[in-house]
Amino acid sequence: MSVLMYLLTLPNEARVTLRRLAAQRLEGRARIAAALRELEERRYLRRVVCEGAKTGQRATVYEVFDAPFGTAPPMGETEKVQDPHTPSRRTRLATLLLHSLARVDHRLALSAAEARHLAPLVEEWWDLGATSAQVRAALTDGWLRRVPSARAVIEDRLCRRRPAAPTAVPVTTVEVRGRRRAASA
């Protein structure tokens, strides 16, 4: 059962700690905390900081929703906004793959800007079903003696050697026949 499902099964105003959540699940506290952050980003969970009237202590209350709540936060609340220049995790992985080419051949070294520029092409390969090993092999196999520009050669290979889109081919074909109606007499 996911963390969201578990939280939705709790009675209203139930008290639960991160430690208690982790104790009831196989994941650790760090994974539970990451799941809560993801639920918050996807707008299934909202953290509300409340201050006790008598004690003055602050407490965090999690509001849990079974569907993403409104598209904009209610007035007076803040929302974490991701910097549009921050690359996604997938883009960072593609960039790391491109940087790893320099370990195969020093002439394949790319600057950070060049790797970021070429990362979407690697992501396209992954979208077509290619593995990182296949991308690396396509970029490092059969190199020229002289490499005038690593970026130009890698970009050319990513474009020219791009795998074809997978076609849906059935594994097996099954014929299903309906029952014949008995002839009426």
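**View 1. Strand β2 gives the largest share of the lining of the largest pocket, 5 residues.** Helices (H or I, at least four residues) and strands (E, at least two) are DSSP runs, numbered from the N terminus. This is a predicted model, where local features need pLDDT of at least 70, side-chain atom pairs count only at pLDDT 80 or more, and totals for chains, interfaces and linings use all residues. Residues are numbered from 1 along each chain as its sequence is written, and side-chain values use heavy atoms, with hydrogens and water left out.

**View 2. Here's the largest pocket itself, with about 720 Å³ of space.** A pocket is an open set of points on a 1 Å grid over the protein atoms alone, where a 1.4 Å probe fits, with protein on both sides within 12 Å along at least five of seven lines; lining residues have an atom within 4 Å of a point. The volume is the space filled by probe spheres set on the points, which are joined across faces, edges and corners. Of the 22 lining residues, Ala14, Arg15, Val16, Val61 and Tyr62 sit closest to the centre.

**View 3. Now for the largest nonpolar core, a set of 20 residues.** Such a core is made of buried Ala, Val, Leu, Ile, Met, Phe, Trp, Tyr and Cys residues joined through side-chain atoms within 4.5 Å, where buried means under 20% relative accessible area (1.4 Å probe, protein chains only). Helix α5 (112-127) is one of the elements that give two or more residues to this core, and its share, 7 residues, is the largest.

**View 4. Zoom in on Leu158, which touches Leu118, Leu121, Val122, Trp125, Val135 and Leu139.** That list leaves out residues up to four places away in sequence, and contact means heavy atoms within 4.5 Å.

Methods: Buried < 20%, exposed > 50% of the residue type's maximum accessible area, 1.4 Å probe, protein only.
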